[in-house]
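Please report on how this protein is put together. Start with the order of its elements, then go through the aromatic rings, the sheet and the core.

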Amino acid sequence: MAPRTALIIVKALALAFLLGLVVLKSEAKVFSKCELASAFKRGGLDGYYGYSLANWMCLAYYESRYNTAAVNNNGPSRDYGVFQINSYWWCNDGQTSGSKNACGISCSNFLNDDISDDIVCAKRVVRDPQGMNAWVAWKNYCKGKDVSSFTSGCAL
C-alpha cells in the first residue's frame with residue numbers, strides 16, 4: 001500500500017472514530033433537575049399510582065443522578081438508565097440469564113436521551129404490588145421523607 005493511501009485511510013478512520021464519539025455523547029444525557037421534572041410531568045408521572053412528581057424525581061436522583069447512561073452491575077443482572085431498570089425483571093440486555101423482560105424492551109433503549117420508553121417501563125414497574133418499593137434507593141432515601149426539594153424552583 002502506498003504511503004499516501006495509508007495516510008488517507010488513517011485519517012478516515014480517525015474521523016470516523018471522532019464522529020462516533022460525538023454520536024455516542026449526544027445519545028446519553030445528564031438532565032438538570034427542572035428539565036427532568038418537566039419531562040416526567042409530560043410523561044404523566046405526577047400522581048401516577050399515587051406517587052408525586054417529587055417522589056419520582058427523588059427516585060431518579062438516588063438511582064442515577066439523572067444520568068441516562070447510568071449502568072450498575074448487580075452480579076447476575078444489571079440496572080439501566082435514569083430509573084436503573086433491572087435486566088432480570090424488566091428489560092432484556094442479552095446477558096442476564098432467565099430475564100423476564102416484563103416491559104418487553106431492550107435495556108439499551110434506556111441509555112439514551114429519549115426517556116419516553118423509560119417512563120413507560122417505570123409505570124409498569126410501579127403497577128406491580130411492590131409499587132415504588134421495587135427500588136431500594138427510593139425505600140432508603142425517599143419513602144416517607146419530605147421530597148419537595150426535588151421539584152422546588154421548577155416552573156411546572
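Read from the N terminus, the elements of the protein follow the order α-α-α-β-β-β-α-α. That gives five helices and three strands. Helices (H or I, at least four residues) and strands (E, at least two) are DSSP runs, numbered from the N terminus. The model is predicted: local features need pLDDT of at least 70, side-chain atom pairs count only at pLDDT 80 or more, and totals for chains, interfaces and linings use all residues. Residues are numbered from 1 along each chain as its sequence is written, and side-chain values use heavy atoms, with hydrogens and water left out.

**Burial and contacts overall**

The protein has 156 residues, and 37% of them count as buried. Buried means under 20% relative accessible area, exposed over 50%, and partly exposed in between (1.4 Å probe, protein chains only). Contact means heavy atoms within 4.5 Å. Among contacts between residues at least 6 apart in sequence, 53% join residues at least 24 apart.

**Aromatic pairs**

A pair of aromatic rings is described by the distance of the centres and the angle of the planes. Rings of Phe, Tyr and Trp (its six-membered ring) pair if their centres lie within 6.5 Å; planes under 30 degrees apart count as stacked, over 60 as edge-to-face and the rest as tilted. By this rule there are 13 aromatic pairs. One of them is Phe40 with Phe83: the centres are 5.1 Å apart and the planes stand at 15 degrees, so this pair is stacked. Phe40 belongs to helix 2 (residues 33-42), while Phe83 sits in the loop between strand 2 (78-80) and strand 3 (85-86), 43 residues apart. Phe40 is buried at a relative accessible area of 0%. Phe83 is buried as well, with 0%.

Trp56 and Trp135 make an edge-to-face pair. Trp56 is in helix 3 (residues 53-64) and Trp135 in the loop between helix 4 (116-127) and helix 5 (136-141), so the pair ties together parts 79 residues apart in sequence. Both Trp56 and Trp135 are buried.

| Pair | Centre to centre | Angle of planes | Type |
|---|---|---|---|
| Phe40 and Phe83 | 5.1 Å | 15 degrees | stacked |
| Trp56 and Trp135 | 6.2 Å | 75 degrees | edge-to-face |

Which residues do ring pairs link into a cluster? They are Phe40, Tyr51, Trp56, Phe83, Trp135 and Trp138.

**Charges over rings**

A charge sits over a ring if NZ of Lys or CZ of Arg is within 6 Å of the ring centre and within 35 degrees of the ring normal. Lys29 lies over the face of Phe31, 4.9 Å from the ring centre. Lys123 has its charged end over the ring of Tyr48, at 5.1 Å from the centre.

**The core**

A nonpolar core is a set of buried Ala, Val, Leu, Ile, Met, Phe, Trp, Tyr and Cys residues joined through side-chain atoms within 4.5 Å. The largest one has 37 residues; Leu36, Phe40, Trp56, Phe83 and Trp135 touch the most other members. Helix 2, helix 3 and helix 4 each supply at least two residues of this core. Its largest share, seven residues, comes from helix 3.

Two strands pair if DSSP finds at least two bridges between them. The three strands form an open sheet in the order 1-2-3, with antiparallel pairing. Strand 1 (71-73) and strand 3 are at the edges with a single partner strand each, so one side of each is left without a neighbour in the sheet. Strand 1 and strand 2 are joined by three bridges. Asn73 has Arg78 in strand 2 as its bridge partner.

**Two further residues**

Is Ser97 buried or exposed? Ser97 counts as exposed, at 67% relative accessibility. Ser97 is in the loop between strand 3 and helix 4. Ser97 and Ser77 are 20 residues apart in sequence, with 8.1 Å from C-alpha to C-alpha.

Phe150 is in the segment after helix 5. Phe150 is buried, with a relative accessible area of 12%.
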